Amino acid sequence: MSNTLQITPLGPHIGAEVSGIQLAEPLSESHFDQLHQALLSHQVLFFRDQPITPLAQRALANRFGDLHIHPVYPHAPEAEEIIVLDTHNENPPDNDNWHTDVTFIETPPALAILAAKQLPLVGGDTLWASGIAAFEGLSPRLQQLLAGLEAEHDFSKSFPAHRHNGSPEEYGRWQEAVARHPPLRHPVVRTHPLSGRQALFVNEGFTTRLPDLPRQESEALLAFLFAHITKPEYQVRWRWREHDIAIWDNRVTQHYANADYLPARRVMHRATILGDKPFWRAW
């Protein structure tokens, strides 16, 4: 196998397909460095034909950092760090909205690794949007207004009580998660800790308000930003095949899992790599 990966951009702002590597095997230093640089450049990477076990996926994710254990999602029996997203008519998806994963904690994930295990015959694509491109698409005046503002992120917005009351045990886990994750603030514009690039860091899944602004201004501005980032110019769309893997930079992207496949079943495994505390630094 070549030591140099083949990296094919899928758009001018976000997304690239990578070949010349088997992610279930331990990464060489060269391949790890190339993936790291490609993530900084393309923000989300896609890999075809990558069968991987939960233990191997955990090992791959651990190469990039410490892993998050989700407070409510089920996990693979052999690896609690691997979330199982098994959606069908009896368990409809809750990720068919634009969101950045786990922004309800102080140190939201830096990266995430998603593996396709079982797919519908058609549908079930995932879209990613670049917070960098979305920020750069704003006028300089609006960029200046947003820089330094904070937004509140709330676990309960994406995980409401009615979705987690199927049993006393499930509801108890939800209550405990709510108690452990009160609303908190992150900057509206986030500076990438490695590249220094600026990105929008509000998402419809978890962001509830801009506490530094009056309510009506907060609602209007967030509604504009949520719509702005959904522009196709800032996006890449991936049509999954079984055993595909996606790795993305969660610090500067959002994604949307298309829920057009019901009543068919879709099973995905996700590993989530913890990051650092978001910050904004003047450019």
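Strands here are DSSP runs labelled E, at least two residues long, numbered from the N terminus. I'm working from a predicted model, where local features need pLDDT of at least 70, side-chain atom pairs count only at pLDDT 80 or more, and totals for chains, interfaces and linings use all residues. Residues are numbered from 1 along each chain as its sequence is written, and side-chain values use heavy atoms, with hydrogens and water left out.

**Gln235**

I looked up Gln235 and found it in strand E13, residues 235-238. Its side chain reaches the backbone oxygen of Thr230 at 2.5 Å. I also noted a polar atom of that Gln235 side chain 3.4 Å from the backbone oxygen of Lys231. For contacts (heavy atoms within 4.5 Å), I left aside neighbours within four places in sequence; Gln235 then touches Ile14, Trp98, Leu127, Trp128, Ala129, Ile229 and Thr230.

**Cavities**

Next I searched the whole structure and got two cavities of 30 Å³ or more. A cavity is a set of points, on a 1 Å grid over the protein atoms alone, where a 1.4 Å probe fits but cannot get out; lining residues have an atom within 4 Å of a point.

The largest cavity holds about 230 Å³. I see 21 residues in its lining, with Asn95, His99, Asp101, His255 and Arg270 nearest the centre. Strands E15 (253-257) and E16 (266-274) each supply at least two lining residues, and E16 gives the most, three.

The second largest cavity comes to about 30 Å³. Its lining includes Thr100, His153, Phe201 and Gln254.

Notes
Helices (H or I, at least four residues) and strands (E, at least two) are DSSP runs, numbered from the N terminus. A polar contact is a pair of N or O atoms within 3.5 Å; within protein, one must be able to donate a hydrogen and the other to accept it, and residues adjacent in sequence count only if both atoms are side-chain atoms. On a 1 Å grid over the protein atoms alone, a cavity is a set of points where a 1.4 Å probe fits but cannot get out, and a pocket is an open set with protein on both sides within 12 Å along at least five of seven lines; lining residues have an atom within 4 Å of a point. Grid points are joined across faces, edges and corners, and a volume is the space filled by probe spheres set on the points.
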